[in-house]
Amino acid sequence: MSLNKELTKQAYEEVEKHTERVQKDPYFPGFHLAPPTGLLNDPNGWIQWKGVYHLFFQWMPFKTGHGAKFWGHFSSENLTDWTLEPIALTPGDWYDKNGCYSGSAIIHEDKLKLFYTGNVKDENGNRESYQCLAESKDGFSFSKKGVQVELPDEYTPHFRDPKVWKHNGRWYMVIGAQTKEEKGAVALFESTDLKEWRNRGTISHANQAPLSAFGYMWECPDIFSLSGKDVLLFSPQGLSPDGIQFNNTYQSGYVLGELDYPKASFNHGSFEEIDRGFEFYAPQTTEDEKGRRILFGWMGVPDQQEFDQPTIQNGWVHQMTLPRELRLVNGRLHQLPLPELEELRAENVFNGPIDSQYEGSIARTSEIQLKGTVKKLCLFDNMTLTYDPKQSLLTLERPNVADGKPERRSCILSSALNSLHLYIDHSSLEIFVNDGEAVFTSRMFADPANRSLVIESGGKVDMSIWKLKDNTVSYMNHPE
């Protein structure tokens with residue numbers, strides 16, 4: 001038996017052993033994507049092909065820690081009902097033996113092709129990185145094709161997360177990088193045939209104006225066009241907190257500009273954080289068959305109290321965000337819940353106006369829509385959202401998972417607060433503000449028995465509450 005097959009067999013045995021315990025955890029999600037066991041992180045290979053949405057993910061099946069990652073795989077036809085598919089990639093070859101790291105997917109010649117980073121370390125921890133390819137004729141069974149791009153001289157081996165796309169008949173690849181001066185950067189490669197890749201150099205970096213000393217590593221780059229602008233989405237590491245900015249250990253955000261393909265340069269504006277919550281990282285987008293730019297993010301942050309989360313004791317950690325549509329509005333990215341998510345609604349439990357104060361009880365899988373000015377919202381005696389109209393400041397507060405002390409994340413809105421749209425799923429909270437102008441994504445480890453919802457309004461507020469489905473993901477095992 002090959003090492004890849006042996007590792008796959010061992011992973012399925014772990015799933016078989018732990019899935020029941022994992023899914024009985026009261027914090028396990030009902031409609032978000034989570035690991036069947038072990039650790040889940042970055043979304044990978046996010047794409048729609050022949051009517052089916054495919055979301056791959058970084059997965060460590062053997063423990064709730066990081067290590068030699070696999071690519072797990074979910075699929076869906078409607079973006080609400082998902083199935084765990086057979087393992088796509090296993091770290092069993094010389095070029096990926098310490099992990100099949102993050103990457104992306106494309107369709108070419110009626111095949112689904114996965115580009116990913118092969119991570120290799122020697123006995124002293126010295127790193128090598130290779131950009132690799134695997135492909136499939138059916139979207140579910142993959143064969144590796146080996147190394148496609150080796151490390152250029154100008155970067156350290158922190159060189160990973162290829163995102164590939166086609167433009168004017170040519171293929172392009174951006175890779176998250178660290179320069180020899182230990183500064184974050186994005187590298188660009190070009191190909192006419194997906195076989196020979198030409199290094200076009202660095203298209204943006206930590207000291208490119210208007211940025212300055214902007215981190216020691218840029219992960220998970222993604223470039224796409226939206227409403228006539230080019231968007232570079234990336235996750236810089238090494239930023240220091242600055243007021244209400246950059247308060248997570250690592251950030252995710254974007255710059256807007258124009259990618260000059262002939263000159264291989266990207267002139268852009270300032271960096272904007274894409275999410276204002278406590279847990280959000282490594283987002284990846286795709287354009288679906290309806291022409292929508294849809295984003296998935298990881299509801300976690302590397303090195304940010306990951307292993308203080310209470311789910312660890314039940315053998316799993318982390319989950320994905322909901323899929324979101326991106327739109328460019330007045331020079332800012334807005335994120336919107338997809339219309340398909342309405343299919344999650346199981347029962348409308350409240351629909352009408354509230355005045356000054358509301359106290360009620362809701363399910364741990366719920367959707368809440370509020371139209372009007374909300375001064376304060378408290379959920380499960382755990383998460384508290386407050387709005388200061390004088391500063392247009394919106395703040396989310398919760399107890400820290402490690403020490404219980406209050407911690408906060410905030411943003412300043414461009415106009416008065418007029419709408420909130422919340423999705424609650426056992427141990428997660430996603431808040432869409434003012435039609436997606438801002439989003440707060442956070443884990444929420446409230447007492448599982450608590451159902452309380454308290455709202456203070458600044459006048460009449462229209463509210464709708466739905467109880468949502470609690471079992472939309474099929475975690476099937478696939479022994480070979």
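## Aromatic rings and nonpolar cores

Phe28, Phe57, Trp59, Phe62, Phe70, Phe74, Trp316 and Tyr475 come together as one aromatic cluster. Rings of Phe, Tyr and Trp (its six-membered ring) pair if their centres lie within 6.5 Å, with planes under 30 degrees apart called stacked, over 60 edge-to-face and the rest tilted.

A quick note on the source: this is a predicted model, where local features need pLDDT of at least 70, side-chain atom pairs count only at pLDDT 80 or more, and totals for chains, interfaces and linings use all residues. Numbering starts from 1 along each chain as its sequence is written, and side-chain values use heavy atoms, leaving out hydrogens and water.

The pairing rule gives 30 aromatic pairs. Take Tyr423 and Phe432: their ring centres are 6.2 Å apart and their planes sit at 85°, so this pair is edge-to-face.

| Charged residue | Ring | Distance to ring centre |
|---|---|---|
| Arg345 | Trp466 | 3.6 Å |
| Arg398 | Phe278 | 3.9 Å |

Now for the nonpolar cores, sets of buried Ala, Val, Leu, Ile, Met, Phe, Trp, Tyr and Cys residues joined through side-chain atoms within 4.5 Å. The largest has 44 residues, and Leu33, Trp46, Phe74 and Trp82 have the most contacts inside it. A second, separate core has 33 residues, including Phe278 and Leu370.

Methods:
A charge sits over a ring if NZ of Lys or CZ of Arg is within 6 Å of the ring centre and within 35 degrees of the ring normal. Buried means under 20% relative accessible area, exposed over 50%, partly exposed in between (1.4 Å probe, protein chains only).
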